[in-house]
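Work through the exercises below with the sequence and the model at hand. Each task is followed by its solution.

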Amino acid sequence: MNVRTEQRSGERVLVVGAGMAGVQTAVRLRERGWTGRIVLVGAEPHRPYDRPPLSKAVLTGGAAGSAFDVDFDALDVDLRLGVTVTGLRAADREVDTASGPVPYDRLVLATGAEPVSLPGGGGVPGVHLLRTLDDVHLLRPVLAERRDVVVVGAGWIGAEFATAAREAGCRVTVVEAADRPLAGVLPPEVAAPMRHWYREAGAELLTGRAVTAVRPADRGRVEVELSDGAVLRAGGVVVGIGARPATGWLTGSPVALGEDGAVLADDRLRTSVPDVYAVGDCASFPSARYGRRLSVHHWDNALQGPRTIASVLVAGEAETPPYDPVPYFWSEQFGRFVQYAGHHDDGDEPLWRGDPGDASWSVCWLREGVLNAVLAVGRPRDLTQGRKLIERAATLDPARVADPSVPLKSAVR
């Protein structure tokens, strides 16, 4: 046993958050040879589980659950569930919980994100969020009883729930304050074809209308008042208007937070406080690839980041390359598999591959010929090849990129 291993064996890593990022941090630490204690704290009472299936197979009853296949006992991980962390006292190297203080030598913040609630919707019976396993259990009867549903927000979660509700036979109305679906993610010309997806699926999409009030109605129903004066009645309301980093408990601590509440991590996922790291939805990191700080609220980021933290803690900072992944996420909606890799800005040139009226097409964003991002609808090969080209900062021939019969990898100059 060398000196570094001896030092590790006497140290305790405390991981706050038992979602994908937290669980993977514990797993990766053991895989890299961490011999010290690992304490994993989660606020929910349930065995740690994966979130993407919640809006898909778990919601529709196709799967009983999505618990991670991890043997915490075999990994010698001290798993503490149903423990809410309320504060950090960095000078004492302790976090406060409802059950008392928990000490640490190294601390990993992996608290994820929390959904934005609908103003005035809190506590109204029949108004739901879709983030946790408990949320899914409350929503299953809505689908099973084929109630009329109002979905607030035409983002990824809204579209996925609308898909599940239509498949269950529910009447669905989606209300979006912006003028198009996915307004905060995609430019108008790319999001425009997705409007037709709702119509094809039999869901009504109301854009340019905000929800101004939500109130209980008779027979257990809910009234939703819109900015144009219209009133919708539903047997259930699902809110999907975004998420924010779950970092409120760090208020007043020395951990630096961004304007959006995300922990400001560096390129090795270190925070402003020594021996405190941050990973997953709760953190942002500087991307040399894109020349800006990124906050990525998606599964792949929560999967990749723990590798960097494990490397820093076990191998050291000098042996750990900067964390600068190509962001990636996917969504299954209205019979389509939608994937996105990279990051695009307004100054990037969009190039279409295929007709957006067809079942499969994609869009590539180039800047000075370099591929920055790709959105693929039913074209997984474009996504796979495009992601690798983004990692290489490959320069492409725009004419060949715009030809859907040419594989992206063959468009390299």
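**Exercise 1.** List the residues that line the second largest cavity and sort them by class.

Solution. L269, A278, V279, G280, A283, F285, N301 and Y323 form this lining. On a 1 Å grid over the protein atoms alone, a cavity is a set of points where a 1.4 Å probe fits but cannot get out, and lining residues have an atom within 4 Å of a point. Next, sort by class: six are nonpolar, two polar and none charged. Here Ala, Val, Leu, Ile, Met, Phe, Trp, Tyr, Cys and Pro count as nonpolar, Asp, Glu, Lys and Arg as charged, and the others, Gly among them, as polar. The volume of this cavity is about 30 Å³.

The model is predicted; local features need pLDDT of at least 70, side-chain atom pairs count only at pLDDT 80 or more, and totals for chains, interfaces and linings use all residues. Residues are numbered from 1 along each chain as its sequence is written, and side-chain values use heavy atoms, with hydrogens and water left out.

**Exercise 2.** Describe the lining of the largest cavity.

Solution. Start with the volume, about 40 Å³. Then read off the lining: V296, D300, N301, Y323, P325, V326, P327 and Y328. Six of these residues are nonpolar, one is polar and one is charged.

**Exercise 3.** At what angle do the axes of α2 and α7 cross?

Solution. Locate helix α2 at residues 20-32 and helix α7 at residues 299-314. Their axes come within 8 Å and cross at roughly 35°.

Conventions: 1 Å grid on protein atoms, 1.4 Å probe; cavity = no way out; pocket = protein on both sides within 12 Å on 5 of 7 lines; lining within 4 Å. Points joined across faces, edges and corners; volume = space filled by probe spheres on them. Axes fitted to C-alpha atoms, helices over the stretch in contact; angles between N-to-C directions. Helix = DSSP H or I, 4+ residues; strand = E, 2+ residues; numbered from the N terminus.
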